[in-house]
Amino acid sequence: MAAIEQKKKSAWSSLETIIGFDLRSLGLFRVALALVILSDLIIRFGGITAHYSDQGLVPREALAKIGSSPFYWSILNLSGQPWVQVILFLFAIFIALLLLVGYRTRLATIATWAMIISIHNRNPVVLFAADDVLRAILFWSMFLPLGATYSIDSALNTSLDPLPKRIWSGATFAFMIQIAFIYMWSAAFKTKSDLWWPDGTAVYYSLSFDQYATVFGQWMLKLPQNILKIMTFGALTFEWVGPILMFIPIHNSFFRCVAIVSFSLLHLGFFVFRIGIFPFLSITHWLALIPSEVWDYLEKRSLTPERQGLVINYDADCGFCKKIVYLLRTFLILPRTPLIKAQENPNPTVYEDMQRINSWVVEDWQGNRHYKWEAITYICSLSPIFWFLAPLLRWKPLMSIGTKFYEAIATNRRFAGNFTKPFKFRPLVIRSSPPLLFNLIVLLLLAYTSVWNLRGFIQQSVIRKDAEGAWVEGLNKLLSRKTFNTLDPFARITRLDQYWSIFAPNPPRDDGWYIAEATLKDGSKVDLFRNGNSVIWDKPTISERDQLYKNMQWRSYFISLYRAQGKPLYPYLVNYLTEQWNQNNEPSKQIEKLRIYFMDERTVPPNEKQTVTPKVIWNSSSLSK
């Protein structure tokens with residue numbers, strides 16, 4: 001019996017090693033994820049009218065015309081007015097800020113997920129692969145304790161039970177499987193294309209796609225074809241094999257680090273493309289897997305005498321002061337620093353100094369005392385992360401302002417307390433392994449996601465006829481049964497309807513650019529896509545494309561516009577361009593006629609001559625009112 005029990009313990013220990021997450025890694029992941037989300041929201045904010053209002057390119061009435069699912073719900077659909085969208089975007093930014101600082105973290109994660117889905121569903125035409133990744137990662141993040149470290153929740157934790165260093169659960173396993181799915185299903189789709197295997201020309205076609213082009217990418221395109229083929233085969237192989245590194249039971253920490261570094265380098269390489277937040281986001285989700293050994297090593301290196309000797313004394317009668325010192329200790333990453341009520345310090349001179357100077361008392365490792373703003377600069381100088389701010393905080397003009405600010409707060413602590421009143425001390429309870437029911441629910445969701453991914457792969461294989469055999473037909477019949485079809489709405493509602501197809505099965509080859517030739521009332525002709533300059537038929541440079549495609553959402557819109565999904569949107573594009581131009585120009589410069597061309601430049605195989613075919617996609621004989 002003892003031997004059996006020992007084997008069980010060993011098996012559970014191995015499982016915990018493989019799928020366990022360090023809480024510090026989850027905290028870092030939360031901060032990075034929130035920063036990416038905030039960046040994305042701020043970028044989208046600039047296109048609120050164009051992309052999310054009824055006055056823009058995709059009004060609500062257009063959603064049904066482009067095949068948007070009726071189960072794609074969105075809070076943004078409550079109104080088409082730009083000012084309403086502004087309020088909703090500001091709310092989304094506010095929620096993302098709460099996620100960043102870790103306040104009511106679970107609720108903030110759920111609310112962020114809901115707002116991101118709402119924004120994505122409101123305008124599917126501007127979506128890209130990064131948006132699919134963001135929704136998937138946010139979904140599983142709702143089941144993880146992201147607020148256990150580096151957060152307001154952890155700073156104000158009143159629980160007497162220490163938090164575990166690591167957690168392992170169905171949610172950690174699902175998170176890892178989701179990461180593997182992103183790469184391995186993408187590799188599966190790519191394997192069906194001759195461009196990836198055996199031709200090896202996928203990297204050539206990817207770099208040739210001008211919509212994502214960068215200067216560095218154009219330079220890489222000039223490399224010998226054999227090198228580009230090696231890069232193609234290497235990327236495909238790594239997407240198949242790389243995720244397996246996470247699950248190797250022997251020396252798991254080492255192989256995790258290899259996976260984290262390797263995939264981070266892979267995504268840094270994606271900067272040869274202009275693809276928005278995708279590289280940053282793809283690196284972010286790997287941060288959750290940083291092993292405990294890495295954190296323990298860094299913590300050991302940070303234990304200097306200066307940090308070990310730091311003591312912070314605060315006024316026990318000031319609730320505002322108590323919250324501030326707890327928050328400072330957490331966010332400056334000084335977890336071992338003692339926080340002592342000055343009234344209870346064995347040395348009575350500490351309390352005397354606090355009353356005499358009207359300041360907290362910070363003691364350094366040599367017994368010296370620091371007060372007011374100067375104490376803040378000293379504590380900041382000891383932070384492993386924010387030490388670089390100390391010289392700025394000590395800058396004489398800022399030191400003077402900071403000291404006056406501190407004194408103003410010290411004499412108005414009751415008023416200052418209003419700003420921290422929402423932040424309550426409360427217990428934070430986290431188990432190293434959640435209850436069985438929790439794990440079962442998460443694993444059922446993971447199973448559902450797995451079936452959806454398999455179903456999408458099989459259905460595409462049948463439609464494209466690029467994978468044949470009895471097993472494909474059998475699976476297609478099984479996964480097309482009514483039982484599975486009835487579950488479709490759940491996938492649409494939760495946006496677990498995943499399809500990992502970045503540069504897959506084939507890299508995009510339908511390249512080209514647009515010309516909006518407007519004839520004005522005075523007889524002159526201008527290109528609305530080039531800020532009203534004269535019509536030029538030459539291919540735009542990368543900098544000129546960057547002016548047209550202000551961000552990834554604009555790029556995605558114009559890429560979709562020439563495809564089947566975008567054709568119903570032509571009238572809305574014409575109305576938008578006409579109104580934008582006419583509102584900003586005098587009567588003689590109003591648009592009389594508008595003709596929109598797509599200069600079709602479909603990418604040809606290596607060493608073949610590129611051709612351009614002008615195609616008229618809209619021709620308005622008269623736009624006069």
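The legends below describe close-up views of a predicted model. Local features require pLDDT of at least 70 and side-chain atom pairs count only at pLDDT 80 or more, while totals for chains, interfaces and linings use all residues. Residues are numbered from 1 along each chain as its sequence is written, and side-chain values use heavy atoms, with hydrogens and water left out.

**View 1. Crossing of helices H4 and H5.** Helix H4 (residues 82–101) and helix H5 (residues 105–122) have axes that come within 9 Å and cross at roughly 145°. Helices (H or I, at least four residues) and strands (E, at least two) are DSSP runs numbered from the N terminus; axes are lines fitted to C-alpha atoms, for helices over the stretch in contact, with angles from 0 to 180 degrees between N-to-C directions. The crossing is left-handed, that is, the near helix is turned anticlockwise from the far one by less than a right angle. Residues in contact (heavy atoms within 4.5 Å) include Leu88, Phe89 and Ile95 of H4 and Ala108, Met115 and Ile119 of H5. The contact of H4 with H5 comprises 12 nonpolar, 3 polar and no charged residues; Ala, Val, Leu, Ile, Met, Phe, Trp, Tyr, Cys and Pro count as nonpolar, Asp, Glu, Lys and Arg as charged, and the others, Gly among them, as polar.

**View 2. The largest nonpolar core around Phe175.** This core has 170 residues, and Phe175, Leu289 and Ile596 have the most contacts inside it. A nonpolar core is a set of buried Ala, Val, Leu, Ile, Met, Phe, Trp, Tyr and Cys residues joined through side-chain atoms within 4.5 Å; buried means under 20% relative accessible area, exposed over 50%, and partly exposed in between (1.4 Å probe, protein chains only). Helix H8 (residues 170–191) gives the most to this core, with 14 residues. Beyond its neighbours within four places in sequence, Phe175 contacts Phe21, Trp140, His285 and Leu289, among others.

**View 3. Two cis peptide bonds.** Trp197 and Pro198 are joined by a cis peptide bond with omega of about 10°, and Pro198 is found in the loop between H8 and helix H9 (202–208). The bond from Ala504 to Pro505 is also cis, with omega near -10°; Pro505 lies in the loop between helix H25 (488–494) and strand E7 (512–520).

View 4. Asn358, not a glycine, has a positive phi of about 55° and is found in the loop between helix H17 (348–357) and strand E5 (361–363). Asn358 counts as partly exposed, at 33% relative accessibility. Lys372, likewise not a glycine, has a positive phi of about 50°. Lys372 lies in helix H18 (residues 372–382) and, at 18% relative accessibility, counts as buried.
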